[in-house]
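Thanks for coming, everyone. Let me put the structure up, and then I'll walk you through it.

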Amino acid sequence: MANTKKKTTTTTTTTSHGTMDTSRYAELKQLLEDRRRELMSEVQTKIKDVRAEGASGMMHSVAELGESSESGIQEDIELALIQMKAETLNRITEALARLEAGEYGYCFECGDEIAPQRLRALPFAVRCRDCEEARELAHERERFYAQRRGAGSLFADLAG
Ligand SMILES: [Zn+2]
């Protein structure tokens, strides 16, 4: 089995979207835009909710001061949620720009295409599943050795 390592040069024509074929490009674009639309409507309804609650909350706080702090905390949580979603929205927009540039959806480690179903679950995945798993394994191993080194370094320090 010596002849299997031959590099297969795929004959995909280079477009403005790098070497990504158009169906994959369309799929990923659809995926990101769906996600963006979803987030946008979520953010918008949330903002409406907070505004409505905020307004009634203010009236409440005038009437019954005791409860005002609690609704304030709730409002903070809602605002934090909106902010998180808004940040995700920014990342989606960035991902769309990367997709345009032909840089989105490729594994950071091996350069392979990341499976669309993986990107659907994790739109910001930068590694394919294989590399991610390998990385997690390496991390576990690192932790294991770091612990052992940690125990050993006590003596190393004394020696040095
Ligand atoms: Zn990979």
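Predicted model: local features only at pLDDT ≥ 70, side-chain atom pairs only at ≥ 80, totals over all residues.

**A walk through the model**

Let's start with confidence: the protein chain has a mean pLDDT of 80, and 71% of its residues reach 70 or more. Residues are numbered from 1 along each chain as its sequence is written.

By contact I mean two residues whose C-beta atoms, placed from the backbone, lie within 7 Å.

Okay, the overall layout. How many helices and strands does the protein chain have? Four helices and zero strands, and from the N terminus on, that reads α-α-α-α. Helices here are DSSP runs of H or I with at least four residues, strands are runs of E with at least two, and both are numbered from the N terminus.

Now, burial. Of the 160 residues in the protein chain, 7% count as buried. Buried means 20 or more other C-beta atoms within 10 Å of the residue's own, exposed means 12 or fewer, and partly exposed is in between, with C-beta atoms placed from the backbone. As for contacts between residues at least 6 apart in sequence, 56% of them join residues at least 24 apart.

Next, the core. The largest nonpolar core has nine residues: Leu28, Leu32, Ile92, Ala95, Leu99, Tyr104, Ile114, Leu119 and Cys128. H1 and helix H2 (68–100) each supply at least two residues of this core, and H2 gives the most, with three. A nonpolar core is a set of buried Ala, Val, Leu, Ile, Met, Phe, Trp, Tyr and Cys residues joined through C-beta atoms within 7 Å. In soluble globular proteins, nonpolar side chains tend to be buried together. Zoom in on Ala95: leaving aside neighbours within four places in sequence, Ala95 is in contact with Leu32, Tyr104, Pro123 and Phe124.

Arg36 sits in H1. Is Arg36 buried or partly exposed? Partly exposed, because Arg36 has 18 other C-beta atoms within 10 Å. Beyond four places in sequence, Arg36 is in contact with Leu89 and Ile92. Arg36 and Leu89 are 53 residues apart along the chain, yet their C-alpha atoms are separated by 6.1 Å.

From Val43 to Leu79, 36 residues apart along the chain, the C-alpha separation is 9.9 Å.

Glu113 lies in the loop between H2 and helix H3 (116–121), and with 17 C-beta neighbours inside 10 Å, Glu113 is partly exposed. Past four places in sequence, Glu113 is in contact with Arg24, Gly105 and Tyr106. Glu113 and Cys128 are 15 residues apart in sequence and 7.2 Å apart in space, C-alpha to C-alpha.

Then there's Ala125, in the loop between H3 and helix H4 (129–159). Ala125 is partly exposed, because 18 other C-beta atoms lie within 10 Å. Outside four places in sequence, Ala125 is in contact with Ile114, Arg118 and Leu119. Gly105 is 20 residues from Ala125 in sequence and 7.8 Å away in space, C-alpha to C-alpha.

Technical notes
pLDDT = per-residue confidence, 0-100.
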